[in-house]
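Have a look at the model first.

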Amino acid sequence: MSLTETLPVIDVDVFSSQPEGSDNVQQECKKAADALITYGALLLHDSRVSEEDNNTFLDLVEDYFNQPIAKLQKDERPDVMYQVGVTLENTEKPKCAVDEPCLDIIAQLDPAERPLDITGHHPDPKCRFFWKMGTPPPYETEYPALNAPNVIPEAPELKTKWEPIMEKWGQAMKDSVASIAEMTAVGLGLDRNTFKDAGKYGPHLLAPTASDLVKYGKKDTILAGFHTDLNCFSIHGRSRFPGLHIWARNTGKRIPVRFPPTGRYLLVQAGKQLEHLTGGIIKAGFHEVVVNEATVQTVEKRKITHPERPLIRISSTFFWHLSSDYQLAPIPELKARAESLLADDAKAGSHKFQATYEPMKVGQQVQNELKHIALMA
Ligand SMILES: [Fe+2]
């Protein structure tokens, strides 16, 4: 992939507007599954997504994180592992820094394609807000800590508009990602509801991150160190500042993510739960967020075009989860294909990094991952 190309673009409108059996829909679904297999990521085009809603959301979250730290601290909830409310900078550590197979993956990359060095094991200088967007399960859950109530900021200028803006933009991303979950299932030859049903009561989160580019705007600063996401799908709206790099499976190349310059696009990445369910056919995509040359240039431009706005890089991210009580295990129909792909990986030399996909409850898998990133004691 050259620097001017973008990731495969999947047209969700085709899926929403035509019968599932049509050639167009089948092709688009296969394209979605193939993009996730090859890149661990895709761009989607969806007419239900509005750039204006994303901009309103980005303005709100910039204003929120521009508040004094004492106000932000009131919205912290360490007792529920920060799974609602705010996580302040320098709390979350990139899991990869303590995870040996992950450090081996970095070591195997060509030095020019490696992420910025995370071996210092410093926590990420990024803040985050978690806004729950799941449907509470109608049964008693084994994992109630992941189902705690939402936090609304106290500041009068944020308080009244917070919920409607979070809900509107969050719902747009949630609808889009639910369509991608269906398209991926169809593209893998499964029933369209396979993933969607497994995530019906997932503790989905609208999870914007914020990086202060005045404090952390120097080139080659790590905002979020090399890692994969623990959930099923992650979806992002356009950020005002570049800086996200992804790594495609087996190509070993660092890819700076670029959205088409205008239009109704979102970026989707595969997370650990999808990797587990597919037995490794789709691998969770490694990524990092850093201050690169393009970030620095955008900061300089924005100082001129929007001198009144805070220089905070917001990523409008949504984490789509499987239901906490769902039994996570590779789907039997995918076994043969998973084995053949993993054999290809072995030929490419990456077999020693292969994970085993032990059956476990999704809630257990999430708790295992949170321990790694220092959000849970
Ligand atoms: Fe991530």
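## Two crossing helices

Start where the axes of helix 2 (residues 23-39) and helix 6 come within 7 Å and cross at roughly 95°. Axes here are lines fitted to C-alpha atoms over the stretch in contact, with angles running from 0 to 180 degrees between N-to-C directions. That makes helix 2 and helix 6 roughly perpendicular to each other (65 to 115 degrees; under 35 is roughly parallel, over 145 roughly antiparallel, and the rest oblique).

Helix 2 brings Glu28, Cys29, Lys30, Ala32, Ala33 and Leu36 to the contact, and helix 6 brings Ile180, Met183, Thr184, Val186 and Gly187. Two residues are in contact if their C-beta atoms, placed from the backbone, lie within 7 Å. Sorted by class, the contact has seven nonpolar, two polar and two charged residues; Ala, Val, Leu, Ile, Met, Phe, Trp, Tyr, Cys and Pro count as nonpolar, Asp, Glu, Lys and Arg as charged, and the others, Gly among them, as polar.

## About the model

This is a predicted model, where local features need pLDDT of at least 70, side-chain atom pairs count only at pLDDT 80 or more, and totals for chains, interfaces and linings use all residues. Residues are numbered from 1 along each chain as its sequence is written.

The chain has eleven helices and 16 strands, which are DSSP runs numbered from the N terminus (helices H or I, at least four residues; strands E, at least two). Of its 377 residues, 45% count as buried (20 or more other C-beta atoms within 10 Å of the residue's own; exposed is 12 or fewer, partly exposed in between; C-beta atoms are placed from the backbone).

## The core

The largest nonpolar core holds 93 residues, and Ala32, Leu42, Val177, Phe233, Ile235 and Val268 touch the most other members. Such a core is a set of buried Ala, Val, Leu, Ile, Met, Phe, Trp, Tyr and Cys residues joined through C-beta atoms within 7 Å. Helix 6 (residues 156-187) gives the most to this core, with eleven residues.

Methionine 173 sits in helix 6 and counts as buried, with 29 C-beta neighbours inside 10 Å. Leaving aside neighbours within four places in sequence, methionine 173 contacts Ile235, Gly237, Leu266 and Phe318.

## An exposed loop residue

Aspartate 220 lies in the loop between strand 6 (209-212) and strand 7 (222-227). With 12 C-beta neighbours inside 10 Å, aspartate 220 counts as exposed. Its phi is near 70°, a positive value in a residue other than glycine.
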